[in-house]
There are 4 protein chains.
Amino acid sequence: MGKPIVGIMGPGENARPEENEMAFELGKAIAEQGWVVLTGGRSFGIMEAAMKGAHEANGLTVGILPADSAENASHDADIKILTGMGSGRNIINVLSSNILVVIGMAAGTASEVALGIKANKKIILLHQDEITIRFFKNIGTYKIVVANTIDETMRFIRDYLRVNPAHAPEGEEIL
Amino acid sequence: MGKPIVGIMGPGENARPEENEMAFELGKAIAEQGWVVLTGGRSFGIMEAAMKGAHEANGLTVGILPADSAENASHDADIKILTGMGSGRNIINVLSSNILVVIGMAAGTASEVALGIKANKKIILLHQDEITIRFFKNIGTYKIVVANTIDETMRFIRDYLRVNPAHAPEGEEIL
Amino acid sequence: MGKPIVGIMGPGENARPEENEMAFELGKAIAEQGWVVLTGGRSFGIMEAAMKGAHEANGLTVGILPADSAENASHDADIKILTGMGSGRNIINVLSSNILVVIGMAAGTASEVALGIKANKKIILLHQDEITIRFFKNIGTYKIVVANTIDETMRFIRDYLRVNPAHAPEGEEIL
Amino acid sequence: MGKPIVGIMGPGENARPEENEMAFELGKAIAEQGWVVLTGGRSFGIMEAAMKGAHEANGLTVGILPADSAENASHDADIKILTGMGSGRNIINVLSSNILVVIGMAAGTASEVALGIKANKKIILLHQDEITIRFFKNIGTYKIVVANTIDETMRFIRDYLRVNPAHAPEGEEIL
């Protein structure tokens, strides 16, 4: 039937230690629910941390890679989708996720939030600063949710997936 | 570490009954080895048959969809990758597979064989006619393998993956 | 040799009248310099207005369309690039432009600014609000330029293209 | 309004001298009609030869590049569309052309013919061998036209564009 896929988006090389820790905890919590963790698949930052967390709880991970070979893919990406599209792959990260959580911020990450709003996805901004929250609320009011803790994030995802089961036909979103 | 991913490519709506049966048997045989079955993800023809076969053996399936929503995805695609790229997604099918098997022939399928040759992938043409075999051998001699049965196909995949383990660094291909 | 290509990005259906007027004037001013105007190619908002302006000065226009047919393309797009990639085409808008000007703001537009920063492009934010400017400066300090008038924008583009001629090899950027 | 765009597809580095000569003559003949020549944009083989021919007749050329920078683009591509998608850009070559002419054959070229059939494009196989013609006729009977000379090719394009003007709404094709 397809398990729910939760996309965890955030910076690679420039992610901060405390953001990586949050990504690890979130990946683990998601895997404990039996859900799939999807990231940009590279061996850095939020991507790698979230997938390592998922593996801590024996979860399944999907990495959507920018490259056309697996050379720089994280060893923690179970399913490596090789696109050869560079940052063009960001749209695929967004479309393939039932719901998105964003930890940390950088240019690639910002493009994923914006593409997510455009694609009508629900997006949880986790532990973000005031400017970031205000900017994205200005362009996507009803799609943006703000959270400050893993617990709060998990509660929201659970509620959302209860009323919007994995890949249900569009137009049935309630939350 | 990443399990090997075997791409099974072939027609959708216009696949012949005997081709669908072969796809089902092949999907099942691949899943029995613990490998992942990757297809174009739609609810038709070779794609659906191969994934149904994989599920018969409790395997994991990945569908790379042309659409940006899951509406026309096969229920047998466990991991639905939504690209919104139409036939542009064919390159992703090819790049993400460690090795490709082709059953039946149509325009989309032919593009995948050609892109596979271009991307330096090993491609098994299963039960194909003489013109098809000669055409693809003309443009990709060393990448094309011809097989006529599921057993022959499985033997080749097994040999190939033994010397080219899943997503090993490039340039180490032996077979 | 290739004329310089200036990308003009902004909302479609939801663009404001005064933003469309600015896009028209800017498209005209760019065409008067003999430069090419590139947009998202649809028959709405900033895209259409910028290309209409370019045509007022007999300029050449390129539209990078999300669809796989020309049905909803603007009649003012001389060269229609059909991608069939939906919002996935935004990366192509960005990569193909020597420099980008952003008028108005919406989700798709925001993704283009973010992808532009990621791709190391110079981006002029024209007549944008404080939150937008601060957000993008936070994630792309050296790539973001702020302008409030067409004259200011044109002066900046001219200076930029003088030291970074069209499609020069990378690593030679000075401004 | 948009001038007709004729896509000329064929091998890069491995094109044969006589094929390059045909591409040059064809590019020139197309430009003499006032039509745009579209290619894969690289500085090799059929792509470069066709665009050089177009420039001989002061035509306009569009190159859809696989890379994300203009470094390996042909100097004869007036409009350089940078995709960063590798061979994934082949679908864009096909979709953006009103009609396609294929000179020489290689894996990338074959993928363009196949994607062209899939996208319902008219495709002229120029000076191709019997196996190639039979293979593509098997998968796309009504889309494939065979020609052996530049004159024959030009006559066909002219007839086709008369009844299928540039980017007319779909479903009106007559030829």
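Which residues does Phe136(A) touch, not counting residues up to four places away in sequence? Within chain A, the list is Met105(A), Ala110(A), Val113(A), Ala114(A), Ile117(A), Leu125(A), Thr141(A) and Ile144(A). Phe136(A) also touches Phe135(C), over in chain C. Keep in mind that this is a predicted model.

**The core and the copies**

- Phe136(A), Phe136(B), Phe136(C) and Phe136(D) are the residues with the most contacts inside the largest nonpolar core. That core has 135 residues.

**Aromatic rings**

- Over all chains, the count comes to 14 aromatic pairs.
- Take Phe136(A) and Phe135(C): their ring centres are 5.0 Å apart and their planes sit at 75 degrees, so this pair is edge-to-face.
- For another kind of pair, look at Phe156(B) and Tyr160(B), which are stacked, with 6.5 Å from centre to centre and 20 degrees between the planes.
- Phe156(B) and Tyr160(B) are four residues apart in helix 6 (residues 150-163) of chain B, so about one helical turn separates them.
- Tyr160(B) has a relative accessible area of 6%, so it counts as buried.
- Back at the A and C chains, Phe135(A), Phe136(A), Phe135(C) and Phe136(C) make up one aromatic cluster.

**Salt bridges**

- There are 20 salt bridges over all chains.
- One of them joins Arg42(B) to Glu13(B), with the closest N and O atoms 2.5 Å apart.
- Those two partners are 29 residues apart and link distant parts of the chain. Arg42(B) is in the loop between strand 2 (36-39) and helix 2 (45-56) of chain B, while Glu13(B) is in the loop between strand 1 (5-9) and helix 1 (17-32) of chain B.
- Glu13(B) is partly exposed, at 47% relative accessibility.
- In chain C, Lys52(C) pairs with Asp76(C), and their closest N and O atoms are 2.7 Å apart.
- Lys52(C) lies in helix 2 (residues 45-56) of chain C and Asp76(C) in the loop between strand 3 (61-65) and strand 4 (79-82) of chain C, so this bridge ties together parts 24 residues apart in sequence.
- Lys52(C) is partly exposed at 39% relative accessibility, whereas Asp76(C) is buried at 12% relative accessible area.
- Over in chain D, Lys52(D) bridges to Glu48(D), with the closest N and O atoms 3.8 Å apart.
- Lys52(D) and Glu48(D) are four residues apart in helix 2 (residues 45-56) of chain D, so they are separated by about one helical turn.
- Lys52(D) is partly exposed at 38% relative accessibility, but Glu48(D) is buried at 18% relative accessible area.
- In chain A, Glu48(A), Lys52(A) and Asp76(A) are joined into one network by salt bridges that share partners.

- Asn120(A) isn't a glycine, yet it has a positive phi of about 70 degrees. You'll find Asn120(A) in the loop between helix 4 (107-118) and strand 6 (123-126) of chain A.

Notes. Residues numbered from 1 in each chain as written. Chains lettered and ligands numbered in written order. Predicted model: local features only at pLDDT ≥ 70, side-chain atom pairs only at ≥ 80, totals over all residues. Heavy atoms only, no water. Core = buried A, V, L, I, M, F, W, Y, C linked by side-chain atoms within 4.5 Å. Buried < 20%, exposed > 50% of the residue type's maximum accessible area, 1.4 Å probe, protein only. Contact = heavy atoms within 4.5 Å. Phe/Tyr/Trp six-rings, centres within 6.5 Å; stacked < 30°, edge-to-face > 60°. Helix = DSSP H or I, 4+ residues; strand = E, 2+ residues; numbered from the N terminus. Salt bridge = Lys/Arg side-chain N within 4 Å of Asp/Glu carboxyl O.
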